[in-house]
Amino acid sequence: KQWYQRRVRAAVTEMKEALSHLLVKDFNPDRPNRRIYSFQELNLTSLFATQEYMCLSDTAISLLGYPNGLKPDRPPKVQIEIQHLTSVNISNNWEINDLDGTVINYNHSIGCERCNITCVQQESAKIAMKVKSLEMGILRYTMYFDLQALLIGYLTQPHCVHLVYELFFVNTLETGMETGMWLHYDFAECETKQNSSPTTSYYTYIAIDVGVMLICLISFIVVIRKLVRAYGLYTKTRKFIEKSYHRHLNRREKNLFVSYWHICIIMADIVLIGAGFLKFLVDIEERYYFDSCSLLLGIGVWLSYLGLLRYLVFDKHYSMLLNTMVAALPHLARFLVCVIIISLAFILCGWLILSPYCTKFATFWVTMETLFSLLNGDDMFATFSLVKTNPGILSQQLIGIFSRLYLYSYVCFFIYVVLSLCISIVEDAYTVVSNYKSDSCPWIQDASVLPEFATCWEVNLRQRRGSARSRGKSNASIKSKPRV
């Protein structure tokens, strides 16, 4: 099914390029985001896309059509949405008489008979008059084309895909309209009258789905049983400690009764049961939950493999990584608090100052990703070279000098100081863990009577088992003696 999902995504990607060649005038795949600088060019591009859409089922090689039929008499209408300012009035002397920054939407639709070019030209002329009247107030011009395609050869039955091709022209910077396109898709009901019986692999997939869900359900019940028994042991131990030692268990002692490995297994079982159910729906071809199924399967597999680490805890040589993480985690947490504050200072400073001059600092999140890449030594030269300022202007010359000092200080401080200290903390924890020979954990500094209690309980249990064995042997020897 993952293979099928990749094939569907690949087919949709190819459909996007095919539709761009069919609907976009002078489309170039090497430069898909070309710019339009005149109203006449915008109107011609819109007219060309509408004409090609109305005759698409007759001209396209692939199995493309419309939701209401492969070759209907009237295809679905082309939806046009124009975002523009309320009013822009500028005189010949560049006097702003009226400027309202409120953005409103103008919606229009073009509906004609299939391949009726005259009707399309008449409807497009109305849109052209509206565009001309708005002049400089247009911010975005979007066209929506409603389509449907047929995928054959992927599974036992053909599948219909509902497509919405979005062609938009963006003019937010008032420097020319940049073209762009996007393809939204969803699976649609596709009736078929062919007689196709399910294959052997179909039943195999169903059996595997049901088997995985049953195994995860059994694992979930067993682990819940262990947690219930651990809670019962905690209750008995708490009463015994309060009665014998006249004290309460602290938080760390209470955590000893909870196995976080069991919690990890429970989460993995729940996620895998949900993923198995969604995959079962996919296998019977009634629902299409590919993304949700893949997400749950990925998380479930990740948690399952993390649960395998619990078997390495029994040998300290194999559990060195886990013990090092436990020993270094408190020190790293305190260290990262200071690092996060300094990082936020660099992120906000770079975003506020360098955002007009470099795309790598355009937003808060992009700035954070850029600085994280610099921290790992990635794309360092490109970041320095992309900060472009005009050396003829004093203020921008100061911005250029500041950008160099800002980037040099960040790289030097975080690479040579922060990363080195972080590695030193982990190395110290590793040294402590590797040099300690016993089975206890000296890096966990918390007094507890539970180890002593467990040791005494184990010794007492062994003594009782030894006395029981000796009594059994004596009774067996007495029985074996012959009677006089």
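## Residue A49

A49 is found in helix α2; helices here are DSSP runs of H or I with at least four residues, strands are runs of E with at least two, and both are numbered from the N terminus. At a relative accessibility of 0%, A49 counts as buried (buried means under 20% relative accessible area, exposed over 50%, and partly exposed in between, with a 1.4 Å probe and protein chains only).

Leaving aside neighbours within four places in sequence, A49 is in contact with L23, M143, F145 and L167, where contact means heavy atoms within 4.5 Å. The C-alpha atoms of A49 and L22 are separated by 7.8 Å, and these two residues are 27 residues apart along the chain.

## Model and confidence

This is a predicted model, in which local features need pLDDT of at least 70 and side-chain atom pairs count only at pLDDT 80 or more, while totals for chains, interfaces and linings use all residues. Residues are numbered from 1 along each chain as its sequence is written, and side-chain values use heavy atoms, with hydrogens and water left out.

The chain has a mean pLDDT of 78, and 76% of its residues reach 70 or more; pLDDT is the predictor's confidence in each residue, from 0 to 100. Over residues 442-447 the pLDDT is below 50, and this stretch has 11 contacts in the model beyond near neighbours in sequence. Where pLDDT is low, the predicted coordinates should not be read in detail.

## Chain overview

The chain contains 13 helices and seven strands. Of its 484 residues, 31% count as buried. Among contacts in the chain with a separation of 6 or more, 65% are accounted for by residues 24 or more positions apart.

## Packing of α2 and α4

Helix α2 (residues 39-54) packs with helix α4 (residues 117-134) at an angle of about 150 degrees, and their axes are 10 Å apart. That makes α2 roughly antiparallel to α4. Axes are lines fitted to C-alpha atoms, for helices over the stretch in contact, and angles run from 0 to 180 degrees between N-to-C directions. Angles under 35 degrees count as roughly parallel, over 145 as roughly antiparallel, 65 to 115 as roughly perpendicular and the rest as oblique.

From α2, F39, L42, N43, L47, T50, Q51 and M54 meet I117, V120, Q121, S124, A128 and V131 of α4. By class, this contact of α2 with α4 has eight nonpolar, five polar and no charged residues. Ala, Val, Leu, Ile, Met, Phe, Trp, Tyr, Cys and Pro count as nonpolar, Asp, Glu, Lys and Arg as charged, and the others, Gly among them, as polar.

## Packing of α9 and α10

The axes of helix α9 (residues 320-354) and helix α10 (residues 364-375) cross at roughly 120 degrees and come within 9 Å. The two helices α9 and α10 are therefore oblique to each other, and their crossing is right-handed. L344, F346, I347, L348, G350 and W351 of α9 make the contact with F364, T367, M368 and L371 of α10. Eight nonpolar, two polar and no charged residues take part in the contact of α9 with α10.

## Positive phi in loops

D26 lies in the loop between α1 (2-23) and β1 (35-36). Its phi is near 55 degrees, a positive value in a residue other than glycine. D26 counts as exposed, at 60% relative accessibility.

C115 is found in the loop between β4 (96-110) and α4. Phi of C115 is near 60 degrees, again positive in a residue other than glycine. With a relative accessible area of 31%, C115 is partly exposed.

Note on methods. A crossing is left-handed if the near helix is turned anticlockwise from the far one by less than a right angle, and right-handed if clockwise.
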